[in-house]
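Let's take a friendly walk through a protein model together. Have a look at the sequence and the 3D view before reading on.

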Amino acid sequence: MSYISPTKIDEALEVLSRGSGKIIAGGTDVYPSAQPGQHPDFYLDVTRIDGLKQISLRDDTIHFGSAVTWTDIINADLGPAFDALKAAAREVGSVQIQNAATVAGNICNASPAADGVPPLLALDASVELASHAHGARVLPLAEFLTGVRSTALRPDEMVVGLQVSVPPTNMTSAFEKLGSRRYLVISICMTAVNLTLGQDGRIADARIAVGACSAVAQRLPALEASVIGQRLEKVDIKPEFLAPLTPINDVRGTAEYRYDVVQEQCKRAIMQAASR
Ligand SMILES: Cc1cc2nc3c(=O)[nH]c(=O)nc-3n(C[C@H](O)[C@H](O)[C@H](O)COP(=O)(O)OP(=O)(O)OC[C@H]3O[C@@H](n4cnc5c(N)ncnc54)[C@H](O)[C@@H]3O)c2cc1C
């Protein structure tokens, strides 16, 4: 087994096209899940590739290179629409994990409890992919994530970055996470809200995403539609608006408990985003 750490994207894609390798970024999911005696032919470390550590603005789109860590997100000068993503970043593991772990690794690992996914769904993020044989493509995050630990990534492909259209300056956001303790904890459920309030105080736009309550984190279109046009005091999170969610009973909580928590998280996140 070899460990390859290229500095050029073309070189990385050529290495990937050889097959049977494993991409590694911060390694905070790769190493804990490695099984004794089972190794890929090579690890491809993508964290030293030129340009992938950058957060940049091009053509009204913000690009996050795939080597951008949670600490980079926390330290970046992003608008209030990214407060939910920053709050999620502060909740990922510990400071040591945030320093090493990447946002791209979080989405590629495709855990239902990945804290980065709800805020990125609420930002309407897309995933930039590239391969040696097929070139580049861009997929909405909701299409990239296909199931538990399952993505649309092809074997010879890597995530080059994430992109988010520059949000309106008056869009705010908030993130709520529930775990069984304060730090270093897998989410029981989490909710991200991006909100725009109109001049009249009514909600002009709302994007609401919930994680750890279905195989893949979900936006809640019926809930979003119900709050748009409403005054904050009229917001009512009816259980039927949570229909796309399919929470499970597990050691962290029952499905019923998760439904209750999500209702409360949605309300809190909407109020918190509105107060910003
Ligand atoms: C102690 C601890 C606490 C944690 N706490 C949390 C938490 O609170 N919330 C949370 O969401 N997660 C948590 N995690 C999980 C993990 O830290 C995050 O998912 C992290 O963002 C993964 O990023 P990484 O760079 O370390 O990914 P890696 O481990 O390097 O990679 C993860 C997966 O993504 C693939 N991959 C990585 N980069 C690319 C790329 N550019 N293109 C294609 N595939 C790629 C890898 O092949 C692998 O399958 C925790 C982990 C640990 C060890």
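Predicted model: local features only at pLDDT ≥ 70, side-chain atom pairs only at ≥ 80, totals over all residues.

Residues are numbered from 1 along each chain as its sequence is written, and side-chain values use heavy atoms, with hydrogens and water left out.

**The parallel sheet**

Strands of a sheet pair through backbone hydrogen bonds, either parallel or antiparallel. Here, an open sheet of three strands has the order β1-β3-β2, with parallel pairing. Because β1 (2-4) and β2 stand at the edges with a single partner strand each, one side of each has no neighbour in the sheet. From one strand to the next, the twist averages 25 degrees.

Helices (H or I, at least four residues) and strands (E, at least two) are DSSP runs, numbered from the N terminus, and two strands pair if DSSP finds at least two bridges between them. Four bridges link β2 with β3 (residues 42-45), and Gly21 sits opposite Phe42 in β3.

**The antiparallel sheet**

In the other open sheet, four strands follow the order β11-β12-β13-β14, and their pairing is antiparallel. The edges belong to β11 (171-178) and β14 (218-219), each with a single partner strand, so one side of each is left without a neighbour. Eight bridges join β11 to β12 (residues 189-197), where Phe175 stands opposite Ala192 in β12. Helix α10 (residues 255-274) packs on this sheet, touching β11, β12 and β13 (203-211); contact means heavy atoms within 4.5 Å.

**Around the ligand**

Which residues come nearest to the ligand? Of the 31 residues around it, they are Ile23, Ala25, Thr28, Asp29 and Thr102; a residue counts as near if one of its heavy atoms lies within 4 Å. The table lists some polar contacts, meaning pairs of N or O atoms within 3.5 Å.

| Residue atom | Ligand atom | Distance |
|---|---|---|
| Ile23, polar backbone atom | oxygen | 2.6 Å |
| Gly26, backbone N or O atom | oxygen | 2.7 Å |
| Asp115, polar side-chain atom | nitrogen | 2.7 Å |

Taken alone, the ligand exposes 980 Å², and the protein buries 86% of that; these areas come from the Shrake-Rupley method with a 1.4 Å probe. Helix α6 gives the largest share of the shell around the ligand, four residues.

Terms used: Axes fitted to C-alpha atoms, helices over the stretch in contact; angles between N-to-C directions. Polar contact = N/O pair within 3.5 Å; in protein donor to acceptor, adjacent residues only side chain to side chain.
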